[in-house]
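Work through the exercises below with the structure open beside you. Try each task before you read its solution.

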Amino acid sequence: ITKNMKVTYLGHACVNIEIEGAHFLVDPFISANPLAQHININDIEATYILLTHAHGDHILDAEAIAKRTGAPLITNPEILAHYRALGIDGHDMNIGGSHRFLDGKVKIKMIKAVHSSSFPDGSYGGNPAGFLINYNDTTIYVSGDTALTMDMKIIPHQYKVDLGIFPIGNNYTMGVRDAITAAKFVETDNVLGVHYDTFEVIKIDKEASKRKFSDAHKRLHLLEIGATLDVSTLIR
Ligand code: NI
Ligand code: MN
């Protein structure tokens with residue numbers, strides 16, 4: 001068993017984080033993503049499914065994957081109530097709270113995000129959130145859809161963030177410039193960009209975006225859909 005965290009990008013804002021053979025799947029939106037048609041949702045492994053908020057581009061495939069794998073959801077109380085009515089169970093938490101999963105080995109803290117969170121039918125989806133995921137000495141911060149926020153400055157008082165997984169597509173969320181400032185606020189050198197290119201309005205220039213990060217002495221990682229980043233290889 002390797003003691004590291006591996007992040008596989010599944011398109012849009014979906015990542016699958018592998019820890020000791022367990023899979024923490026975040027925000028599955030695959031079957032309707034034109035860029036992710038080579039990914040079969042029936043092949044995706046999930047031990048837990050984390051949902052940051054209720055927007056369709058974050059929850060689309062959660063029901064199907066949860067029902068196939070039996071993976072419990074980790075999400076806010078309102079989203080969990082919605083899925084409990086569909087026969088899917090899970091663990092609810094709310095902003096500022098943390099809880100240990102996987103026999104206590106993985107600590108997940110729910111972090112405030114500045115966004116909105118209605119279900120596709122308009123019903124209430126609670127407050128949007130991000131997740132700090134901590135395992136051994138390694139911490140990943142999945143911000144979820146969010147604006148740049150001063151609250152991010154709290155995080156490095158308590159955690160050394162090895163990797164930020166931030167939206168960079170602008171329009172609905174942070175763009176590149178704000179994501180660079182977010183990296184400074186949380187004091188991480190490495191950002192995995194998500195939430196870009198899926199729709200016309202969030203298309204980015206990848207090389208120019210990487211250059212802007214390197215000009216700020218940060219590294220922007222952009223993975224092909226289906227590719228994996230081993231967090232232990234990142235320079236600390
Ligand atoms: Ni959203
Ligand atoms: Mn979104």
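The exercises cover a metal site and a sheet in a predicted model.

**Exercise 1.** Find which residues are the protein donors of the manganese ion (ligand 2).

Solution. 
- Step 1. Look at the side chains around the ion. D57 and D145 each give an OD atom, while H58 and H195 each give NE2.
- Step 2. Check the distances. These donors lie 2.1 to 2.2 Å from the manganese ion (ligand 2).

**Exercise 2.** Decide for D57 and for H58: buried or exposed?

Solution. 
- Step 1. Recall the cut-off. Buried means under 20% relative accessible area.
- Step 2. Take D57. Its relative accessibility is 14%, so D57 counts as buried.
- Step 3. Take H58. Its relative accessibility is 0%, so H58 counts as buried.

**Exercise 3.** Give the order of the 7 strands in the open sheet, and state which strands stand at the edges.

Solution. 
- Step 1. Walk across the sheet. The order is β6-β5-β4-β3-β2-β1-β14, with mixed pairing.
- Step 2. Go to the edges. β6 (90-92) and β14 (228-230) each have a single partner strand, so one side of each lacks a neighbour in the sheet.
- Step 3. Ignoring direction, neighbouring strands are turned by 20° against each other on average.

**Exercise 4.** In what sense do β1 and β2 pair?

Solution. 
- Step 1. Line up β1 (residues 5-9) with β2 (residues 15-19). They pair in the antiparallel sense over 5 bridges.
- Step 2. Trace one bridge. M5 has I19 in β2 as its partner.

How values were computed:
Residues are numbered from 1 along each chain as its sequence is written. Chains are lettered from A and ligands numbered from 1 in the order in which they are written. This is a predicted model: local features need pLDDT of at least 70, side-chain atom pairs count only at pLDDT 80 or more; totals for chains, interfaces and linings use all residues. Side-chain values use heavy atoms; hydrogens and water are left out. Donors are N, O and S atoms within 2.8 Å of the metal (3.2 Å for Na, K and Ca); water is not among the atoms, so sites may look incomplete. Buried means under 20% relative accessible area, exposed over 50%, partly exposed in between (1.4 Å probe, protein chains only). Two strands pair if DSSP finds at least two bridges between them. Helices (H or I, at least four residues) and strands (E, at least two) are DSSP runs, numbered from the N terminus. Axes are lines fitted to C-alpha atoms, for helices over the stretch in contact, and angles run from 0 to 180 degrees between N-to-C directions.
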